[in-house]
Each structure stands twice: as C-alpha cells, then as structure tokens.
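My notes follow, entry by entry.

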Amino acid sequence: MRVKPLLLFLLFAISATAKNASDETADSLLKRFHQYYDNMHIDSAMMMLDSLIAHHQERHDIKKESLPRWNKIAVLNNAGRYEQLVEEAAKQREWFANNKIWDRYYQCWQRICSGNQEMGRLQTALREAKAMKDDAQLRNNNVGRAMAYKQMGTIYLYIQQLDQSEEAYRKSVKLLKEESLDNGILCGVYEGLCEALLKQEHYDQALIDVKDWLAHLKVVEKEKGLAVVSQTYIPCYITLCSAYIGKKDYNKALAAIAKAQEYHEISKSVLTEYDILKMRTRLALAQGNPQQAIAYGDSAVALGVGQSVTLKEDRAEAMLLTGDSEGAAKLYRALYEERDSAFSHDMQTQLNELNTIFHVDELRDEQRKSRELYTIIIFCITVIAFLTIILLSRRSARRMADKNRELAEKNAALEIANAKAEESSKMKTEFIRNISHEIRTPLNILNGFTQILSSPDADTLSAEEKESMRHQVEDNAMSITSLINNMLEFSDALSRTVIERTDTISPEEIANTAIDKAKNAFTDNVNFSLDISDDARTIQIQTHKGSAAKALAQLIENGFKFTSKGEVRLSVSLQPSEVCFVIEDTGIGIPADKASVIFDDFVQIDNFSDGTGIGLPMARNIAQRLGGDIRLDTEYNNGARFILTLPR
C-alpha cells in the first residue's frame with residue numbers, strides 16, 4: 001500500500017528536477033547569447049537565440065519565446081545587417097500577429113521600414129510606414145501609430161528635414177505616453193528626437209527632452225530592475241554629453257559621460273564602449289586637447305567595430321591640430337572615397353528601387369486588367385449599342401446645339417476681347433498722357449532756363465541765381481533720365497526672365513542701399529525710420545543686390561510720394577523661409593476699389609499725383625523674378641503697408 005505514495009513522490013521529484021534542468025538550460029543559452037553578442041559574434045549570438053526559441057517552443061511558453069524572437073531583430077539592427085534584418089523582421093512580425101502581441105508586431109514593422117531606409121530604399125520605407133499607420137488606424141492601436149510617426153521622423157532626419165523630423169518624433173512620444181507604457185519602446189523615439197534637436201543646435205530644448213527621457217528610464221528601472229535598463233541609460237547620457245558640448249559646458253559634459261561609463265560597467269558591451277569612446281573623442285577635441293582625442297579615437301578603432309563618419313572626421317581634425325597632416329590626409333581621403341562609394345551605391349539602390357516599384361505596379365496593372373477584361377468587354381458592347389441608338393436619334397439636335405454653343409462662345413470671346421482692348425487702349429492712352437506730362441514739365445523748365453542763360457541779359461544775373469538755375473537744370477535733366485531708366489527697366493521686367501541671384505549679402509545692406517537710392521524722395525515734413533532685427537543684421541542671403549535694392553527703393557519712394565506729413569517706416573525681419581521688408585507710411589492709403597488692381601500696369605491710385613503707374617508693377621515683377629514677392633497689407637488702416645519678401 002506504500003508503493004503508490006512513494007511512486008507519486010518520485011514522479012514529482014523527477015518532474016521538479018526536469019523543470020530545474022530546463023530553467024538551467026534556458027539560463028545557460030541566454031548567458032552564452034550575451035557573451036557572443038557583447039563581443040559582436042553575431043552569427044553565434046543568433047544561433048543561441050534560435051536555440052532559446054526552440055527551447056521555449058517545446059514548453060509552449062509564448063511569453064518567454066517572444067523575447068528571443070525580438071532580440072534577433074535587435075541584434076541584426078545593431079549589427080547593421082539590414083538585408084537580413086528586413087527578412088527576419090517580416091518573419092517575426094507574422095509570428096507576433098498570430099499570437100496577438102501587437103506592440104512587438106508594430107515594432108517589427110518599424111524595423112522593416114528602417115532597414116529599407118538604411119539600404120537607400122526610401123520609397124519602400126515610406127510605403128511601409130503608410131501601410132503601418134493605416135493598419136494601426138484600423139486596429140485603433142496607439143503603439144502602431146507611434147511606430148509610424150517614429151519611422152517618419154527617422155526618414156525626415158535621414159534627408160535633413162529637421163523641423164519635420166522633430167514634429168514626427170514628438171507625435172510618437174505623445175502617443176506612447178498616452179499608453180503609459182513602462183517598457184523601452186519610448187527610448188528609441190527619444191534618441192531620434194534628441195538627435196534632430198542637436199543637429200539644429202537646439203541644445204536647451206535637447207536638455208529638456210533628455211530629462212524627460214531619464215524620468216521615463218527611472219520608471220522602467222523601478223518596474224523591471226536596473227539590469228534590464230542599464231544599457232538604455234548609456235545613449236541617454238551620451239546624448240546629454242553632446243548637448244553640453246554644444247553649450248560649451250564641458251564640466252557637465254564630463255559628468256554625463258562619466259555616468260554613461262558607470263552604466264556601461266554594469267552591463268558591458270563592445271558597442272556601448274565604442275559609443276562612449278567616440279563621444280570622449282569629440283569632448284577632448286572640443287576642450288582643445290587633440291592628443292587626448294587621438295588616444296580615445298585609437299582606442300575606439302581598436303575595438304574592431306569600425307569607424308563611423310563622425311569619428312573619422314574628429315580624428316582627422318585632431319591629427320591636423322597636432323601636426324600629423326599625413327595621417328589627417330589619409331583619413332580625409334578615406335572619407336571622400338567612402339562618401340563617393342556610398343553615393344554610387346545609393347544611386348544604384350535608388351535605380352533598383354524604382355525598377356522594383358515599376359515592375360510591381362506593372363504586374364498589378366496586368367492582373368487588374370486580366371480580372372476586369374470580360375466585364376469591360378460586355379459593358380462596352382452594351383454601352384455602344386445604347387449610345388448608337390441615342391446618337392442616331394439626337395444627331396441633328398446635337399449638331400444644332402453645337403453650332404449654337406460655338407457661336408455663343410465666339411460672341412463671349414469677342415466681348416471679352418473687345419473689353420480688354422478697350423481697357424488696354426484706355427490704359428495706354430492714360431500712360432502716354434502721364435509720360436507726356438512727366439517729360440513735358442521738366443523739358444519746359446529746361447527750355448526756360450536755357451533761354452534765360454543764353455540771352456544777352458544773362459550777364460546781369462548774380463552768381464547765386466546762375467547757380468540756382470544750374471541746379472534746376474541738373475535736377476530736371478536727372479528727372480528725365482530717371483524716367484527713361486524706369487521705362488527701360490519696365491520693358492525689361494515685361495520679359496519675365498529670371499534674375500540671376502549672384503550676390504551674397506545681408507538684408508541690412510540691401511536696406512541701406514535702397515535708402516540711398518530713394519534719398520531724393522525724402523522730404524522735411526515726413527520722418528523716416530529704420531528698424532532691423534538682430535538676426536537680419538548677420539544673416540547672408542543669395543540674391544541680386546541691385547535689383548533687390550531697386551524694388552525696395554521703389555516702395556520707399558512710393559511711401560514718401562503719398563505722405564504729405566507724418567512718417568515712413570522700414571522694418572526688416574526674418575521668417576523661417578524668407579526675409580521680410582515692411583514699408584509703412586501714414587499717407588493717404590489705398591482705396592478699397594484700387595487694392596485688387598494696385599499692381600496692374602499703368603494703374604494710378606490718385607489722378608492728381610505725378611507718376612506713370614509702372615512703379616509698383618515693376619517692383620513686384622523684380623521681386624518675383626528674384627524668387628520673392630510684394631503684397632499689400634489690406635488690414636493696415638493708418639496709411640499704406642507693403643511687404644517685400646525675398647527667399648533666405
């Protein structure tokens with residue numbers, strides 16, 4: 001009777017022993033994986049992960065099996081094996097979908113996108129990112145949406161669209177925070193966000209986001225333990241060090257890199273050691289210690305991971321500072337060859353990508369055409385038969401309707417042409433009248449003074465009178481010359497040719513040149529003021545100095561022309577993509593009925609003022625040919641406000 005309890009006890013003991021042996025086997029495989037991976041023996045590390053997957057499969061432990069599956073993707077990504085990464089991520093994505101582990105499912109999908117991007121397949125990466133976002137929308141999954149935005153941020157960062165990159169990363173962070181996740185998904189997003197900020201030299205903002213990153217890591221550490229999160233602290237503190245280097249706060253930069261080293265000692269890895277040495281190289285160089293920078297750089301190279309572009313650049317600069325021009329030349333030559341090779345590779349990759357897309361689209365079209373062929377044929381036969389009956393019955397009516405419509409269109413076109421001809425004739429007549437007036441007045445003055453100076457009584461004139469007459473003759477001659485020059489410039493403006501932007505110049509210099517050109521229009525009753533923002537004083541833009549100053553001078557002259565008393569103000573400021581020159585006056589303003597035609601040729605807002613009506617159209621034409629524009633601010637009521645913009 002005692003045999004049965006004893007047998008049960010033995011079976012229980014054997015089962016417990018087998019379980020302990022199983023756990024020991026899993027721990028042993030995991031330990032060996034870390035040993036291989038930390039020393040960058042990638043193939044051996046992948047074999048250990050396959051063994052772990054098989055081990056957990058035998059025990060139907062999906063939760064434990066999911067970790068080595070994800071680690072396979074992480075290892076390939078960190079090792080830069082992108083072709084293999086894309087293939088493996090697609091395979092594991094399917095497994096995670098079958099087991100409804102959606103966070104990892106979308107993370108795998110994002111790695112597919114990033115792998116394609118790293119191989120230069122931007123088209124494929126963009127398509128995958130859009131498909132991932134659409135899929136996440138259908139599932140109402142914030143992690144999926146966040147991974148799609150993360151990928152968009154990565155692509156924007158890759159093509160140096162840094163504002164868009166920052167915006168996409170921030171959307172990803174916001175979505176992940178809404179999920180209150182206490183895992184490591186957020187860390188990769190924070191790293192990309194901070195990289196975009198550092199490239200823009202937004203160091204203070206980067207420090208703010210690094211603090212949020214650290215706060216998140218503290219939550220993960222509390223939940224999962226320091227061993228799990230120690231490796232993730234390292235890129236965080238390396239980013240912090242980079243921000244402090246940008247701010248030239250080297251003491252805090254040293255403290256940050258020391259913290260990174262402290263976490264590296266907890267869980268050592270060749271990759272993290274390489275990243276720390278690379279940042280130490282940059283810090284030593286920034287502190288003016290090129291010898292130390294070279295020593296750190298040599299230590300990083302000795303790890304056998306390779307050399308990143310930034311490390312090569314920093315080492316070459318340090319070599320130059322220490323007088324090792326030969327070593328620096330070798331590194332710069334290697335950088336040139338590497339970039340040249342990368343360019344050729346990218347070009348070939350893009351061609352292959354386009355060929356692939358074209359082929360896929362072509363096959364898709366053929367399949368669609370094959371599926372719809374019979375339906376289309378039947379539909380066409382039916383439609384043709386129906387249309388034939390309709391056409392026969394309405395043929396005569398249609399011909400008559402077509403003729404009537406044609407006649408109506410011709411009549412309407414003739415009416416429009418006649419109206420335009422009448423308007424054009426009226427404008428040209430008005431223009432000729434204005435030109436005649438503008439030329440006749442100074443010519444009459446010139447003729448009168450010439451007769452006086454050439455008459456026998458000229459000798460009776462005093463020296464002051466003669467000098468005054470001479471000045472009057474010069475001023476009116478200059479007025480005629482200026483008018484003719486404006487006419488020639490207006491004729492040139494009608495050509496609509498692009499003005500070559502061959503001058504590198506500051507907005508301040510353009511403003512000062514325009515003021516000099518417009519000096520003759522200044523009057524004692526009207527004050528003039530100039531306000532230039534600090535950034536507009538230092539920035540350099542690519543434009544044509546003479547043309548830009550001419551357009552601005554025309555606006556200044558226009559302000560004085562229609563302001564009898566008060567002031568004319570010119571302010572210069574920078575916008576994200578353009579430079580703005582704002583000219584305000586306290587004059588008569590622009591009537592509401594003239595606002596829409598103020599830039600039309602020969603239009604004058606005041607028939608009692610001198611002018612030809614070509615100044616504003618010519619100025620706007622010049623601005624547009626320089627890539628900018630001139631517009632009227634219709635909301636300004638204290639006079640007139642014109643805004644000239646030029647591209648930065």
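**Entry 1: Thr 154**

I looked up Thr 154 and, leaving aside its neighbours within four places in sequence, found it in contact with Gln 117 and Tyr 169; contact means heavy atoms within 4.5 Å. The model is predicted, so I note that local features need pLDDT of at least 70 and side-chain atom pairs count only at pLDDT 80 or more, while totals for chains, interfaces and linings use all residues. Residues are numbered from 1 along each chain as its sequence is written, and side-chain values use heavy atoms, with hydrogens and water left out.

Thr 154 lies in helix H7. Helices (H or I, at least four residues) and strands (E, at least two) are DSSP runs, numbered from the N terminus. Is Thr 154 buried or exposed? Thr 154 has 18% relative accessibility and counts as buried; the cut-offs are under 20% relative accessible area for buried, over 50% for exposed, and partly exposed in between (1.4 Å probe, protein chains only). I also looked up Ala 196, which is 42 residues from Thr 154 along the chain; their C-alpha atoms are separated by 9.1 Å.

**Entry 2: H7 and H8**

I went on to the helix that holds Thr 154. The axes of H7 (residues 142–158) and H8 (residues 162–178) come within 8 Å and cross at roughly 160 degrees. Axes are lines fitted to C-alpha atoms, for helices over the stretch in contact, and angles run from 0 to 180 degrees between N-to-C directions. That angle makes H7 roughly antiparallel to H8. The classes are: under 35 degrees roughly parallel, over 145 roughly antiparallel, 65 to 115 roughly perpendicular, and the rest oblique.

The crossing of H7 and H8 is left-handed. A crossing is left-handed if the near helix is turned anticlockwise from the far one by less than a right angle, and right-handed if clockwise. Thr 154 and Tyr 169 are part of this contact, and I also listed Tyr 149, Met 152 and Tyr 156 among the H7 residues and Leu 162, Ala 168 and Leu 175 among those of H8. By class, the contact of H7 with H8 has 12 nonpolar, 6 polar and 4 charged residues. Ala, Val, Leu, Ile, Met, Phe, Trp, Tyr, Cys and Pro count as nonpolar, Asp, Glu, Lys and Arg as charged, and the others, Gly among them, as polar.

**Entry 3: two loop residues**

I checked the loop between H7 and H8, where Gln 160 has its place. Phi of Gln 160 is near 65 degrees, a positive value in a residue other than glycine. Gln 160 is partly exposed, with a relative accessible area of 47%.

Lys 248 lies in the loop between H11 (226–246) and H12 (250–266). Lys 248 is not a glycine, but has a positive phi of about 60 degrees. At 60% relative accessibility, Lys 248 counts as exposed.

How many aromatic pairs does a search of the whole structure find? The search finds 14. Rings of Phe, Tyr and Trp (its six-membered ring) pair if their centres lie within 6.5 Å; planes under 30 degrees apart count as stacked, over 60 as edge-to-face and the rest as tilted.

I looked up Tyr 105 and Tyr 106, an edge-to-face pair at 4.8 Å centre to centre, with 75 degrees between the planes. Tyr 105 and Trp 109 also form an edge-to-face pair, at 5.8 Å and 70 degrees. Tyr 105 and Trp 109 both lie in H5 (residues 102–118), 4 residues apart, about one turn of the helix. Tyr 105 is buried at 8% relative accessible area, and Trp 109 is buried at 7%. Ring pairs link Trp 102, Tyr 105, Tyr 106 and Trp 109 into a cluster.

**Entry 4: H3 and H5**

I stayed with H5 and noted that H3 (residues 62–79) packs with it at an angle of about 20 degrees, the axes 11 Å apart. H3 and H5 are therefore roughly parallel to each other. The crossing is left-handed. Trp 70, Ile 73 and Asn 77 of H3 meet Arg 104, Gln 107, Cys 108, Arg 111 and Ser 114 of H5.

**Entry 5: the whole protein**

I ended with totals: 21 helices and 7 strands, and 38% of the 648 residues buried.
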